[in-house]
Amino acid sequence: MRWRQVGLLYLVLAVLAVLYARERPAAPEADRARPPRPRFLQVAAADVTAVRLARGARIVSIRRDGDRWAVVEPAGVELPNDLVSGFLQALLTTEEIDRIATTTGDLGSFGLDDAADRVELTLARGEPVVVTLGGTNPTGTALYARREADSGIVLIGRQVRDYQDMIYGALPRGAVPAGTSDGRIGSQTPLLLFGIAV
Amino acid sequence: MRAHRPWSAVAALVVAALGVTSGVAGADVAPGDKIDASNVEKAKDLLSPGMVWCVKRGWPITVSETKRIEWPQAYKEATEKYAAQVKLTPDGLDVKNYVAGLPFPNLDPKDPQIAYKIMWNYSYNFLTTDDVDLRNFDADTGSIPQDGPMTVERHFLLDHFRRLFWTGRLFVDPKPEKPNPNGYRAQQGLYPILEPFDLKGVGALGNRYTDSGKQDDSWLYLPSLRRVRRLSTAQRSDALFGQDTDVDSYYGYSGHIAWMDWKYLGEREVLGSMHGEHFPVNWSKKVDWAFDDLWEKRKVYAVEGVSKLPQYAYSKRVIFVDKEGWVIPFTDIYDRSGELWKIWINNMSFRKSVPGNNAIQYPDEMGFIPSIVMVDLQLEHATKASLPSPRFPGEQGWYFNQGEKAGVTDDWFTVAALVAAGR
């Protein structure tokens, strides 16, 4: 092969490369259109030393004990270790799907009023992180939430609520205070008939 | 007589009070109850968030008595014979010395490996031990309005879904393992698609290995391109053919146990459709993407699965595994943001036979699945499959452990057979 032929082949290759670069298929639209979403909480799981859940009068307090999680309140109750770490992972990895409002004027319509569920994370260093969890969005797939340090309302994944529900569901029924929204009526307060528990 | 009157009044009050308490304790359900959007709160603790979403959308639930799921005799015997020798590796990824039956019949909630053992039990359940041929089934996919029928976008008719297990075999010779130089655990095929016309001949095929270090082989045949495409393991979570279903979600979970990190979320009671009375499926008249059948209280393990593959579509699955049947009533699936995305719902019917001409009479109860539904909660879209299609009267649909009699032969699970069927 002569050097001219070699040169010609290189030239053809260069032209083809340019054409390919211009015509190659674009990245999928969805990937480009969706900007990366920020995490709801910028906290590492390893930094969390204790978790406190409050739903009305129902308090669940859990603290790290080596590699495991120990329930402090209600006393004498055990929860699957994976369930607690699963809840924590859900809370710490959920993304801000949407930012709904920057004012706090109408928290009630998002289920974020005083009756809302609260989660408090105690960290090895720094101030505790307090989160309020509200109602679900109209499609029922996500959850309105607020960080105490942030006045805005954001939409986060509802898996946080689902894992929280699993924690409350895993508590023995005897640990449920009666008269709360989740207390199974009748399971705590014995029905008295002439002073005798029925 | 008069002296007895105060006591009868007290007795009446006691009876009334007991009636009140029992009624209240039943923030619960009882056989005969009908659960719908108006009273779903009553059953909320017995359903997953995805299932509550479906009921609020119009899915009807009729509660029935809980019945036992009886294990096949051969499976029971194999469990008794071999379970003691089965060991789980410290990383939970491999089961050693497994021959047949349930690998881990005795589970301890305090065992740090319990989540893996539950999922390996699920993987080796008796739903199919040797082979299965599902014939003549169809699927509809479309949008689902509130309290209304599906707007069908595509209708699918499929010829066969077949699975052949190479290990853990109990009924068809050779057993308990076929001569297995490739180290297969199972082979699976879904082909050919008969309708819609533009997908005619399309099909999928896959091999799974006993060695958890080996990824599945997965192929997709596209007759329009005359190409066989190889699918990566992460693509097993992609919805195929415009449906809402993905290969890894079949049966509630069909991925390899070793490809997920599993967490044990606890035991609970849920409603599951395990002894459906209808065969073929009975779709709800009003909300026709929902099967209208019997649901019973089941004790289940709740397990979370997070894929190890970075490009996997889902962030996690929350899987409920029946403690007796080792099958899945439903699975909730979350997207990468943690938002509830999809649910897979099984309509199961453990029975020895189904109505139909010359239907096979099995000595044991087999796990027929008259229908499945997968719902995309975010898009308000669903895919429902009738297994088999009511368009084939008398078709029993599921052929369990029939081997070559049902056409489940080694050569059916080859790319050449996949291509030939698609032409």
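Reply: A residue is buried if 20 or more other C-beta atoms lie within 10 Å of its own, exposed if 12 or fewer, and partly exposed in between, with C-beta atoms placed from the backbone. This is a predicted model, where local features need pLDDT of at least 70, side-chain atom pairs count only at pLDDT 80 or more, and totals for chains, interfaces and linings use all residues. Residues are numbered from 1 along each chain as its sequence is written, and chains are lettered from A and ligands numbered from 1 in the order in which they are written.

Me: OK, so is N97(B) buried or exposed?
Reply: N97(B) is exposed, because it has 10 other C-beta atoms within 10 Å.

Me: And what's phi like there, for N97(B)?
Reply: Phi of N97(B) is near 65 degrees, a positive value in a residue other than glycine. Most residues other than glycine have a negative phi.

Me: What about phi of N136(B)?
Reply: That one is positive too, near 50 degrees. N136(B) has 18 C-beta neighbours inside 10 Å, so it counts as partly exposed.

Me: Switching topic: which peptide bonds are cis?
Reply: Among them are Y191(B) to P192(B), with omega near -15 degrees, and F279(B) to P280(B), with omega near 0 degrees.

Me: Last one, chain A. How many residues of the contact of α3(A) with α4(A) are nonpolar?
Reply: Let me begin with who touches whom. L83(A), G86(A), F87(A), A90(A) and L91(A) in α3(A) meet Q159(A), V160(A), Y163(A), Q164(A), M166(A), I167(A) and A170(A) in α4(A) (contact: C-beta atoms, placed from the backbone, within 7 Å; helices: DSSP runs of H or I, at least four residues, numbered from the N terminus). Nine of the residues in that contact are nonpolar, three polar and none charged (Ala, Val, Leu, Ile, Met, Phe, Trp, Tyr, Cys and Pro count as nonpolar, Asp, Glu, Lys and Arg as charged, and the others, Gly among them, as polar).

Methods:
Contact = placed C-beta atoms within 7 Å. Helix = DSSP H or I, 4+ residues; strand = E, 2+ residues; numbered from the N terminus.
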